[in-house]
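Let's walk through this structure together, one region at a time. Have the coordinates open and follow along as you read.

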Amino acid sequence: MYIILLGAPGAGKGTQATAIAQKLNLAHIASGDLFRQALEQGTGLGRQARVYMEKGELVPDEVTTQMILERMSAPDSEKGAVLDGFPRNLEQAKALDKALAGQSRAIDRIIAISVSEEELRKRLGGRRVCRQCQTVYNIVESPPEVGGKCDKCGGELYQRPDDTAETVKKRLEVYFEQTAPLIDYYRQKGKLIEVGGEGTIDEVTRRTVAALNEGELIAR
Ligand SMILES: [Zn+2]
């Protein structure tokens, strides 16, 4: 079973990908980690990617797609995998489908975690990080005991430039612009499952696994 997880910044996609992979005994393939590993290990694809990154250019979709495919062929992906952070746009989705079809494989389900834009802004805009130990807080949902100070080490909490209102607005715009066609594409293929991303982490995980069960994918 191959699952793609889609979700806006702040939707909790990474957290859910980890939880779902664990629950269903699937590999968790996070594209960000994959890049770092390929670069560290100096694999063929890692070296290719490095050439572009050193020039400050985007790594071409073919290289990224190959990296994902290679990872999907690793022994721990035998039962399936949860893809997190890839594909990011329609071109990558089509490239992935084409490459998988060539190996008589296919993506089974796409889970889109949907959270209202208002809630996303609240979550991202409320995020504060400890300067010393990098613990993440949210001044609305998980505030520190003493305002502006880290519970663990007493360090100063700050707002990352990525999380200011203006940047958050931009990040969400870019996300929705790139992802809307992706969601349409998978919906037309009848593979899309939309799951509400509001509530606790556990609630969202349960909702997602239940939705997958309904699709009878896990019945075996
Ligand atoms: Zn701290």
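Throughout, buried means under 20% relative accessible area, exposed means over 50%, and partly exposed lies in between, with a 1.4 Å probe and protein chains only. This is a predicted model, in which local features need pLDDT of at least 70 and side-chain atom pairs count only at pLDDT 80 or more, while totals for chains, interfaces and linings use all residues. Residues are numbered from 1 along each chain as its sequence is written, and side-chain values use heavy atoms, with hydrogens and water left out.

The zinc ion is coordinated at 2.3 Å by the SG atoms of Cys130, Cys133, Cys150 and Cys153; donors here are N, O and S atoms within 2.8 Å of the metal (3.2 Å for Na, K and Ca), and sites may look incomplete because water is not among the atoms. Along the chain, these donors follow the spacing C-x2-C-x16-C-x2-C. The angles subtended by the four donor atoms run from 99 to 117°, so the arrangement around the zinc ion is tetrahedral, a label that requires all angles of four donors to lie between 85 and 135 degrees. For reference, the ideal angle for four tetrahedral donors is 109.5 degrees. Cys150 counts as buried because its relative accessibility is 5%, whereas Cys153, at 35%, counts as partly exposed.

Next comes the interior. A nonpolar core is a set of buried Ala, Val, Leu, Ile, Met, Phe, Trp, Tyr and Cys residues joined through side-chain atoms within 4.5 Å. The largest one has 47 residues, of which Leu83, Leu96 and Ile107 touch the most other members. Helix α7 (residues 165–188) gives the largest share of this core, seven residues; helices (H or I, at least four residues) and strands (E, at least two) are DSSP runs numbered from the N terminus. Apart from this core lies another, of six residues, including Ala38, Leu45, Val63 and Met67.

Contact means heavy atoms within 4.5 Å. Not counting residues up to four places away in sequence, Leu83 touches Ile3, Ile4, Leu5, Ile29, Ile68, Met72, Leu96 and Ile107. With the same exclusion, Leu100 touches Leu69, Met72, Arg105, Ala106 and Ile107. Leu100 sits in helix α5 (residues 90–101) and counts as buried because its relative accessibility is 0%.

What about charged side chains? Glu119, in helix α6, is buried, with a relative accessible area of 13%. Beyond its neighbours within four places in sequence, Glu119 is in contact with Glu141 and Glu198.

Finally, a look at the backbone. Most residues other than glycine have a negative phi, and most peptide bonds are trans. The peptide bond from Phe86 to Pro87, however, is cis, with omega near -5°, and Pro87 lies in the loop between β3 (81–84) and α5. Asn25, in the loop between α1 and β2 (27–30), has a positive phi near 60°. At 49% relative accessibility, Asn25 counts as partly exposed. Ser104 likewise has a positive phi, of about 55°, although it is not a glycine. Ser104 belongs to the loop between α5 and β4 (109–114) and is exposed, with a relative accessible area of 71%.

Terms used: Four donors count as tetrahedral if all angles lie between 85 and 135 degrees; four count as square planar and six as octahedral if opposite donors are over 155 degrees apart and all others between 65 and 115; anything else is irregular.
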